[in-house]
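Hi there,

Here is the structure I promised to pass on. Have a look at it first, and then read my notes below.

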Amino acid sequence: MAESTLWWLLAGGAVVVELVTGTFYLLMLALGFAAAALAAHFGATTVVQTVLASLVGGGAVIAWYRIRSKHPKNLPAGANPDVNLDIGETVMVDSWNADGTAQVHYRGANWTVVHRPGNLPVSGPHRVAEVIGNRLLLDKL
């Protein structure tokens, strides 16, 4: 079996494992394997193929890591206003219970709300910061 065939099999295997696991970095390594396969087609030695696979695959992983680290992390669904339209809405809290919860009427239903840890439970308008299950986490306005 030709060396290029082995590199193509490694590249294909990395793509299959990536599809199963969802690890995007494996696609970057598959690029390195594909570069080594092309080098084998052009008659490069095994050492050159291995070094090329390492440089291209490793370089792609580092480049992708740097690109991803410059972008902000996605918020969890409960705190992401693009996913949950309740985030940022205003509710009126009349009084707080001793356990740190309160009942508010919001969107035609009664909701149990809690205040963000570290904030004092004070009556008045609050902003919905996060939805946790069937509770709203509030920030004082």
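What follows covers the aromatic pairs and then the sheet.

A word on the basis: this is a predicted model, where local features need pLDDT of at least 70, side-chain atom pairs count only at pLDDT 80 or more, and totals for chains, interfaces and linings use all residues. Residues are numbered from 1 along each chain as its sequence is written, and side-chain values use heavy atoms, with hydrogens and water left out.

Searching the whole structure turns up three aromatic pairs (rings of Phe, Tyr and Trp, taking the six-membered ring of Trp, with centres within 6.5 Å; planes under 30 degrees apart are stacked, over 60 edge-to-face, the rest tilted). One of them joins Phe 24 and Trp 64: the ring centres are 4.6 Å apart and the planes at 45°, so this pair is tilted. Phe 24 sits in the loop between helix H1 (3-21) and helix H2 (25-41), and Trp 64 in helix H3 (residues 46-70), so the pair ties together parts 40 residues apart in sequence (helices are DSSP runs of H or I, at least four residues, and strands of E, at least two, numbered from the N terminus).

The rings of Tyr 106 and Trp 111 have centres 6.0 Å apart and planes at 65°, so that pair is edge-to-face. Both Tyr 106 and Trp 111 are buried (under 20% relative accessible area; exposed is over 50%, partly exposed in between, with a 1.4 Å probe and protein chains only).

Now the sheet: five strands make an open, mixed one, ordered S1-S4-S5-S3-S2 (strands pair if DSSP finds at least two bridges between them). Its edges are strand S1 (90-93) and strand S2 (101-106).

Best wishes
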